[in-house]
Amino acid sequence: MVELLPAGFLDLRAAAPYLAAAVALYVLVEQLSYLRKKGPLPGPSLVVPFLGSVAQMVRDPTAYWDVQAARARESGAGLAADFLIGRFTVFIRDSELSHRVFANDYTLFNVGLMALPVDLPGFAFRRARLAVARLVRTLGDCARQSKARMRAGGEPECLVDYWMQETLREVEEAAAAGLPPPAHTDDEELGGFLFDFLFAAQDASTSSLCWAVSALDAHPDVLARVRAEVAAAWSPESGELMTAEKIQAMKYTQAVAREVVRYRPPATLVPHIAGEAFQLTETYTVPKGAIVFPSVYESSFQGFPEPDAFDPERFFSEARREDVAFKRNFLAFGAGAHQCLGQRYALNHLVLFLALFVSVADFRRDRTDGCDEPVYMPTIVPKDGCSVYLKQRCAKFPSF
């Protein structure tokens with residue numbers, strides 16, 4: 001008996017072998033593409049179709065990046081390959097190779113680094129994207145309100161107000177010349193800029209402040225020297241401002257700040273996308289479209305004597321001068337065209353925090369097993385969030 005199917009109905013049973021063959025072909029092509037791009041680099045011999053190693057990365061980011069670093073170190077080439085969400089990736093441990101990447105026409109990206117890039121309801125990536133849009137709108141409204149207040153002759157009360165003063169001046173100059181307002185003066189555009197500043201500064205700064213407190217608690221001798229240096233220049237009870245000149249005079253505290261950033265660089269990886277094939281070494285060319293991960297963290301532990309030790313003397317001692325001798329290994333703020341423009345601000349901010357914190361508070365770390373293990377948030381922070389007990393140290397808090 002012949003079974004008649006409705007017109008246009010596809011017999012899935014008949015199509016199943018073809019679908020299976022198509023999937024098998026896709027997997028084969030993907031594996032061969034991965035192996036061709038991988039070349040001589042260490043990395044998995046076979047990868048999970050489409051997903052690659054993303055499950056391991058999401059489950060335990062610290063362990064995943066430790067494995068990548070070990071592969072790169074053991075290979076002798078300073079490189080390791082992998083596959084994440086349909087993208088070929090290259091991990092770079094070697095400082096000189098990181099310099100080559102930082103110096104090259106690649107696009108920096110951060111969005112979605114720690115989440116599966118699935119733009120569907122219910123996924124973290126979708127929630128993050130929508131949250132960014134809401135924040136940009138809110139910050140754009142803040143810029144609009146600041147503009148209105150500055151236009152009405154109000155006195156600046158924050159950095160945004162000073163920024164909007166300058167923005168309004170540019171808008172007025174353009175209008176006087178018969179030109180449209182500059183592109184960067186639109187409220188929503190300004191909201192985007194504010195979001196970038198807040199995201200970059202808040203996450204990295206929080207990381208550095210946590211590690212600074214952790215280091216001072218673990219090294220009482222360093223804490224005592226910082227307190228003595230700060231006390232010689234400033235007192236909370238003096239009623240004086242902590243001026244830039246006073247901060248510049250605190251040479252040892254500056255060395256502590258630099259060592260905090262070397263010992264625990266907040267942004268451990270600076271991902272790039274290869275816009276075109278790029279010859280990284282004599283034996284390996286990064287293929288176009290690959291995601292490249294120069295490891296700032298790994299560079300911080302190369303070259304420097306006893307790199308696993310927290311030792312501010314390496315940046316303070318005139319005899320050692322490791323900040324000069326191993327300058328190319330200090331990549332916490334990037335290098336070349338991708339060097340952080342705010343590094344002086346970031347270090348001064350950290351010095352100011354150290355000076356104020358040790359002057360106004362006695363503190364004790366609530367230490368637990370593994371509390372200082374770095375965890376990715378996506379910047380690194382102590383595993384326990386750096387919980388401390390605080391007690392007022394000065395007679396009265398300073399009033400600025």
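This is a predicted model: local features need pLDDT of at least 70, side-chain atom pairs count only at pLDDT 80 or more; totals for chains, interfaces and linings use all residues.
Does His99 count as buried or exposed, and at what relative accessibility?

View 1. His99 is part of helix α4, which covers residues 95–102. Its relative accessibility is 14%, and His99 therefore counts as buried, given that buried means under 20% relative accessible area. With residues up to four places away in sequence not counted, His99 touches Arg328, Leu331 and Ala335.

**View 2. The largest nonpolar core.** This core comprises 60 residues. Trp65, Phe91, Leu216, Val226 and Val256 are the residues with the most contacts inside it. Helix α14 gives the most to this core, contributing eight residues. A second, separate core has 18 residues, among them Phe83, Phe88, Val101 and Ala274.

**View 3. The surroundings of Val226.** Val226 is among the residues with the most contacts inside the largest nonpolar core. When neighbours within four places in sequence are left aside, Val226 is in contact with Leu216, Tyr252, Thr253, Val256 and Val358. Of these partners, Leu216 and Val256 are likewise listed among the residues with the most contacts inside the core, and Val358 is a buried residue of α14.

**View 4. Helix α14 and its buried residues.** Helix α14 consists of 18 residues (343–360). At 1.5 Å a residue the helix should span 26 Å, and its end C-alpha atoms are 26 Å apart, so the two values agree. The buried residues in α14 are Leu347, Leu350, Val351, Leu354, Ala355, Phe357, Val358, Ser359 and Val360. Ala346 also has its place in helix α14, but counts as partly exposed because its relative accessibility is 28%. Ala346 and Phe333 are separated by 13 residues in sequence and by 9.6 Å in space, C-alpha to C-alpha.

**View 5. Val260 in helix α10.** Val260 lies in helix α10, formed by residues 251–263. With a relative accessible area of 2%, Val260 is buried. Residues up to four places away in sequence aside, Val260 touches Ser208, Trp211, Ala212, Pro265, Phe310 and Leu350. Of these, Leu350 is one of the buried residues in α14. Val260 and Pro312 are 52 residues apart in sequence, while their C-alpha atoms are 8.2 Å apart in space.

**View 6. A nonpolar patch on the surface.** Leu25, Leu28, Val29, Leu32 and Leu35 form this patch. Together these residues have about 460 Å² of accessible area. Leu32 is located in helix α1, which covers residues 12–38.

Terms used: Residues are numbered from 1 along each chain as its sequence is written. Side-chain values use heavy atoms; hydrogens and water are left out. Patches are made of residues with over 30% relative accessible area and no salt bridge: like charges are joined within 9 Å, nonpolar side chains (Val, Leu, Ile, Met, Phe, Trp, Tyr) within 5 Å. Accessible areas come from the Shrake-Rupley method with a 1.4 Å probe; for residues, only the protein chains shown count as cover. A salt bridge is a side-chain nitrogen of Lys or Arg within 4 Å of a carboxyl oxygen of Asp or Glu. Helices (H or I, at least four residues) and strands (E, at least two) are DSSP runs, numbered from the N terminus. The expected span of a helix is 1.5 Å times one less than its number of residues. Buried means under 20% relative accessible area, exposed over 50%, partly exposed in between (1.4 Å probe, protein chains only). Contact means heavy atoms within 4.5 Å. A nonpolar core is a set of buried Ala, Val, Leu, Ile, Met, Phe, Trp, Tyr and Cys residues joined through side-chain atoms within 4.5 Å.
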